[in-house]
Amino acid sequence: MEENMDESQSQKGCKECCERCVGSLPWASLIATILLYMGVALFCGCGHEALSGTVTILQNYFEVIRAPGDVLDVFTIIDILKYIIYGLAAGFFVFGVLLLVEGFFTTGAIRDLYGEFKITACGRCLTAFLMVLAYLFFLVWLGVTAFTSLPVFMYYNVWSMCKNATSVEGANLCLDLRQFGAVTISEERKVCMGSEKFLNMCDSNELDLTFHLFVCALAGAGAAVIAMVHFLMALAANWGYLKDASRMQKYEDIKSKEEQELHDIHSTRSKERLNAYT
């Protein structure tokens, strides 16, 4: 009988421990962090490979050569974009960790509201700072999403031309890099439908793979935007909870001080009456 009671108590203790652990997790911040990491990883990985595929297409089918020296050409711009991708990957990894730590901090603060934990002004300032930072990064990712849609649109046009090349055999359509700003106006780098380079480009894997990589990068940027919106909602809720908790803590402190003062006054009067009686 005692063994059964001990087993039931141990099972109840494990169940309460699991419920306590699950309840203490900041699920909103955790889900937003996972979504942010997935979006950033998808954007950075696919974007980097898509830029490398763009370099291959420019060199193999449009015969664009890298300019000597420090001249700002399309290849230099692509290299700069790759470095920006590296910076985004590192920066948002750290930012996601900070937001997740803040979520754990706030969850512990709310749970221990009536305990010994004191909600400080530093914690509220940190939440407000991260909220402003998340809003700025939300605008950044909106710009990144809009910028990533441009190569998707351009590659979609090229991909559509390749798919419809057989149905428009009499048309004389050309792809001119001057229209996309990839080369200067004085250079003529174009590939026309029906030419051998155009057919080779359409039959190659580079064009199809690069187009779909840019689509995946756009999806990753969109996921990062959704994650930042999720973070903004979680931070705004945490800010409201911390503000209310701080007011409640001040009220409890004032109430305890008043009760202590009333107790001291009552004790002092009782002593005075006792001394007067004696």
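How far apart are the end C-alpha atoms of residues 126-150, and is the chain there helix or strand? In this predicted model, that span is 100% helix and 0% strand, and its end C-alpha atoms sit 36 Å apart.

**Overall layout**

The stretch belongs to a set taken from an unreviewed UniProt entry, which annotates residues 21-43, 83-105, 126-150 and 211-241 as "transmembrane region". Residues 211-241 are also 100% helix with 0% strand, and the C-alpha atoms at their ends are 45 Å apart.

Zooming out, the protein chain holds 6 helices and 2 strands. Going along the sequence, these come in the order α-α-α-α-β-β-α-α. Of the 278 residues, 33% count as buried. Take the contacts in the chain with a separation of 6 or more: 80% of them come from residues 24 or more positions apart.

**The disulfides**

How many disulfides does the chain have? The count is 2. Number the bonded cysteines along the chain and the pattern reads 1-4, 2-3. Here are the two pairs next to each other.

| Pair | S to S distance | S-S torsion | Handedness |
|---|---|---|---|
| Cys162 and Cys202 | 2.0 Å | about -70° | left-handed |
| Cys174 and Cys192 | 1.9 Å | about 95° | right-handed |

Start with Cys162 and Cys202, whose sulfur atoms are 2.0 Å apart. This pair ties together distant parts of the chain: Cys162 is in helix H4 (residues 121-163) and Cys202 is in helix H5 (residues 196-203), 40 residues apart. The disulfide is left-handed because the torsion about its S-S bond is about -70°.

Cys44 counts as buried, because its relative accessibility is 9%. Cys46 isn't in a disulfide either: its nearest cysteine sulfur belongs to Cys216, 4.5 Å away. Cys46 also counts as buried, at 12% relative accessibility.

**The largest pocket**

Now for the open space. The largest pocket holds about 1100 Å³. It's lined by 43 residues, and those closest to its centre are Thr54, Val74, Ile78, Met154 and Ala182. Which element gives the most to the lining? That's H4, with 8 residues. Several elements take part: helix H2 (27-60), helix H3 (74-111), H4, E1 and helix H6 (205-277) each supply at least two residues. By type, the lining splits into 33 nonpolar, 5 polar and 5 charged residues.

**Two residues to look at**

Trp159 is one of the residues in helix H4. At 25% relative accessibility, Trp159 counts as partly exposed. What does Trp159 touch, not counting residues up to four places away in sequence? The answer is Asp208 and Phe211. Trp159 and Asp208 are 49 residues apart along the chain, yet their C-alpha atoms are separated by 7.2 Å.

Finally, have a look at Glu63, in the loop between H2 and H3. Most residues other than glycine have a negative phi. Glu63 isn't a glycine, but its phi is positive, about 55°. Glu63 is partly exposed, with a relative accessible area of 44%.

Definitions and conventions: Residues numbered from 1 in each chain as written. Predicted model: local features only at pLDDT ≥ 70, side-chain atom pairs only at ≥ 80, totals over all residues. Heavy atoms only, no water. UniProt positions renumbered as here; feature names shortened; annotations may be inferred. Helix = DSSP H or I, 4+ residues; strand = E, 2+ residues; numbered from the N terminus. Disulfide = S-S within 2.5 Å. Buried < 20%, exposed > 50% of the residue type's maximum accessible area, 1.4 Å probe, protein only. 1 Å grid on protein atoms, 1.4 Å probe; cavity = no way out; pocket = protein on both sides within 12 Å on 5 of 7 lines; lining within 4 Å. Points joined across faces, edges and corners; volume = space filled by probe spheres on them. Nonpolar A, V, L, I, M, F, W, Y, C, P; charged D, E, K, R; others polar. Contact = heavy atoms within 4.5 Å.
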